[in-house]
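The exercises below ask the student to read a protein chain step by step.

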Amino acid sequence: MAGPVTIVGVLVTGTMGAVITQLATQTRHRVFACDLSAEALERDQLYVRDGLVRFARRSAFSEPAAEEHYGRIHWTVDMQEIAAADAAIEVIVEKVEPKKEAFAALDRILPPDALLLTNTSSISITDLASATKRPDRVCETHFFTPPPVREAVEVPRGLLTSDETVERVGVLIESFGKLPVVVNKDVPGFVANRCLVPMLIEASRLLEEGVASKEEIDLLVKKGLGFPIGPFELGDFIGLDVISYVHSELGDPYYTPLRILKEMVRVGHLGQKTGWGFYEHEGEA
Ligand SMILES: NC(=O)c1ccc[n+]([C@@H]2O[C@H](COP(=O)([O-])OP(=O)(O)OC[C@H]3O[C@@H](n4cnc5c(N)ncnc54)[C@H](O)[C@@H]3O)[C@@H](O)[C@H]2O)c1
């Protein structure tokens with residue numbers, strides 16, 4: 001079996017990519033973080049630095065350690081610079097074509113043993129792997145938001161993902177201090193989103209029908225059912241564009257995005273990342 005992953009490439013560092021970068025560096029991996037432009041990198045750098053400082057304030061590590069973690073990240077806009085990575089995680093927008101293009105490019109750049117990992121919420125891993133000449137070394141690492149805080153990482157395998165790759169991915173996730181949970185089949189939404197999306201759809205349907213307000217629905221789910229977060233709060237946290245895409249991949253008419261979700265995505269009310277979703281997120285965008 002190939003050796004453990006110590007150098008991680010992250011492509012690209014949007015909402016999830018930045019926090020995966022933070023997680024990888026604070027668990028002492030060398031990280032190559034790549035984004036599309038210098039402007040995007042500047043935003044990502046601020047985000048990762050803020051995250052590390054917040055963790056230092058919570059005493060997860062000292063302030064000098066936070067600086068040391070930050071210093072382990074090599075920032076670049078040139079994908080070629082990821083070439084030394086043992087594994088690259090693509091964290092780009094939830095669309096098939098850009099993800100396949102990224103995988104095809106990474107496949108040309110990375111060493112033959114390197115793992116190609118995706119953080120997709122719903123797109124077929126097998127389809128993404130078809131853009132590469134190493135489908136056996138392609139796998140999902142589905143980090144939950146925010147990755148430095150959530151305990152589990154879902155690890156669904158594609159049709160051609162080898163057992164060795166699943167094992168290597170498990171070791172990598174453990175080296176991030178997380179609990180890998182392997183999913184045997186490459187189905188849209190995998191396990192976590194198959195459980196989450198119906199709840200958000202049902203909650204949106206109740207809201208559309210005027211059965212209860214979003215605050216009341218969130219309150220009942222939290223204080224009645226004992227969930228730590230309500231469906232609308234979680235939807236805002238994840239991003240309504242991501243949720244809507246999962247709907248469309250699920251295919252079943254029951255999962256068709258409701259009008260309220262479609263309209264919110266159309267006007268750019270995507271949740272925390274745009275400052276407005278089901279709730280207002282002042283100063284968080
Ligand atoms: N947000 C979540 O809670 C969450 C949870 C699990 C998985 N995911 C998945 O992670 C991935 C990223 O989601 P996000 O929430 O970070 O999205 P985001 O919109 O915050 O970031 C997407 C990134 O993709 C880049 N991008 C856009 N078009 C591109 C292109 N054509 N080529 C290359 N890069 C491009 C953007 O510059 C941005 O940096 C998606 O696959 C999503 O489904 C998200």
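The model is predicted: local features need pLDDT of at least 70, side-chain atom pairs count only at pLDDT 80 or more, and totals for chains, interfaces and linings use all residues. Residues are numbered from 1 along each chain as its sequence is written.

**Exercise 1. The chain as a whole**

Task: State how many helices and strands the chain has, and compare its radius of gyration with that of a compact globule.

Solution. Step 1: The chain has 11 helices and 9 strands. Helices (H or I, at least four residues) and strands (E, at least two) are DSSP runs, numbered from the N terminus. Step 2: For 285 residues, a compact globule would have a radius of gyration near 19 Å, and the chain, with 19 Å, agrees. This radius is taken over C-alpha atoms, and the globule rule is 2.2 Å times the number of residues to the power 0.38. Step 3: Along the principal axes, the C-alpha atoms fill a box of roughly 55 × 45 × 35 Å.

**Exercise 2. The sheet of six strands**

Task: Give the order of the 6 strands in the open sheet, and explain which strands stand at the edges.

Solution. Step 1: The order is β3-β2-β1-β4-β5-β6, and the pairing is parallel. Two strands pair if DSSP finds at least two bridges between them. Step 2: β3 (73-76) and β6 (138-140) each have a single partner strand, so one side of each is left without a neighbour in the sheet. Step 3: Neighbouring strands of this sheet are turned by 20 degrees against each other on average, direction ignored. Axes here are lines fitted to C-alpha atoms, for helices over the stretch in contact, and angles run from 0 to 180 degrees between N-to-C directions.

**Exercise 3. Strand β4 and its partners**

Task: Describe how strand β4 pairs with β1 and with β5, and state which way its residues point.

Solution. Step 1: Strand β1 (residues 7-11) runs parallel to β4 and is joined to it by 4 bridges; V10 stands opposite I89. Step 2: β4 also pairs with β5 in the parallel sense, over 4 bridges, and here A87 stands opposite L115. Step 3: In a regular strand the side chains alternate between the two faces of the sheet. In β4 (residues 87-90), A87 and I89 point one way, A88 and E90 point the other way, and all are buried. A residue is buried if 20 or more other C-beta atoms lie within 10 Å of its own, exposed if 12 or fewer, and partly exposed in between, with C-beta atoms placed from the backbone.

**Exercise 4. The shell around the ligand**

Task: Which residues come nearest to the ligand, and which element gives the largest share of the shell?

Solution. Step 1: There are 23 residues around the ligand, and G14, T15, P98, S121 and T145 come nearest. A residue is near a molecule or strand if its C-beta atom, placed from the backbone, lies within 6 Å of it. Step 2: α1 (15-26) and β7 (142-143) are the elements that give two or more residues; the largest share, 3 residues, comes from α1. Step 3: By class, the shell has 11 nonpolar, 9 polar and 3 charged residues. Ala, Val, Leu, Ile, Met, Phe, Trp, Tyr, Cys and Pro count as nonpolar, Asp, Glu, Lys and Arg as charged, and the others, Gly among them, as polar.

**Exercise 5. Backbone geometry**

Task: Locate the residues R28 and S59, and state whether each is exposed or partly exposed.

Solution. Step 1: Most residues other than glycine have a negative phi, and most peptide bonds are trans. Step 2: R28, in the loop between α1 and β2 (30-34), has a phi near 70 degrees. R28 counts as partly exposed because it has 13 C-beta neighbours inside 10 Å. Step 3: S59, in the loop between α2 (38-57) and α3 (63-71), has a positive phi of about 70 degrees. With 7 C-beta neighbours inside 10 Å, S59 counts as exposed. Step 4: A cis peptide bond joins L11 and V12, with omega about -5 degrees, and another joins T145 and P146, with omega about -10 degrees.
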